[in-house]
Amino acid sequence: MSGLSAHARHEIDAWLEKFPADRRQSAVLAALREVQHENHGYLTPGLMDAVADYLGMSRIAVYEVASFYSMLETIPVGRHSISVCTNISCMLRGADDIVAHVERRLGIRTGESTADGRIFLKCEEECLAACCGGPMMMVDHVFHEELTPEKVDAVLESLK
Ligand code: FES
């Protein structure tokens with residue numbers, strides 16, 4: 001047994017078809033993303049080990065990938081993920097005020113999750129490539145642009 005769900009193995013296998021047979025490690029990002037999705041937004045050592053074994057990679061190599069990319073979480077986090085971009089274009093259009101507003105509304109700081117497990121406010125993001133729509137934030141992979149405190153509140157209230 002791989003420790004991966006049948007669905008995860010199916011998804012990883014689909015990615016493996018895109019790469020040469022002796023380059024199974026090329027599917028590691030897609031595999032970790034899928035496994036994280038199935039595990040409510042974060043990876044456990046057991047799941048990372050399972051991905052390593054399935055792809056024939058060393059476990060430490062998988063941990064390195066998981067700890068490098070900001071889209072992967074290695075500790076339990078809230079089920080909705082919010083990333084506010086604070087890079088230059090967004091900063092010039094008020095991103096710092098948006099971060100402060102989100103922190104105030106949720107009662108947490110960046111890098112923390114709400115006590116009810118509803119929302120994870122990721123550490124401030126670098127450019128998310130929506131600069132012309134700043135200030136912006138990504139919520140569960142969906143972009144929200146031209147943010148105002150009122151728009152932020154509407155998004156936060158929609159997250160159950
Ligand atoms: S600077 Fe915020 S999306 Fe580019």
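The lining of the largest pocket divides into six nonpolar, nine polar and six charged residues (Ala, Val, Leu, Ile, Met, Phe, Trp, Tyr, Cys and Pro count as nonpolar, Asp, Glu, Lys and Arg as charged, and the others, Gly among them, as polar). This is a predicted model, in which local features need pLDDT of at least 70 and side-chain atom pairs count only at pLDDT 80 or more, while totals for chains, interfaces and linings use all residues. Residues are numbered from 1 along each chain as its sequence is written, and side-chain values use heavy atoms, with hydrogens and water left out.

Select Gln36, Gly41, Met71, Ser81 and His141, which are the closest to the pocket's centre among the 21 residues that line it. Next, colour helix 2 (28-38), strand 1 (80-84) and strand 4 (137-139), each of which supplies at least two lining residues; helix 2 gives the most, with three (helices, H or I, of at least four residues and strands, E, of at least two are DSSP runs numbered from the N terminus).

Stay with His141, in the loop between strand 4 and strand 5 (142-144), where phi is positive at about 75 degrees although the residue is not a glycine. His141 is exposed, with a relative accessible area of 65% (buried means under 20%, exposed over 50% and partly exposed in between, with a 1.4 Å probe and protein chains only).

Move on to Glu146, in the loop between strand 5 and helix 7 (149-158); its phi is also positive, near 50 degrees, and Glu146 is partly exposed at 38%.

Finish at the cis peptide bond joining Gly134 and Pro135, with omega about -5 degrees.

Key:
1 Å grid on protein atoms, 1.4 Å probe; cavity = no way out; pocket = protein on both sides within 12 Å on 5 of 7 lines; lining within 4 Å.
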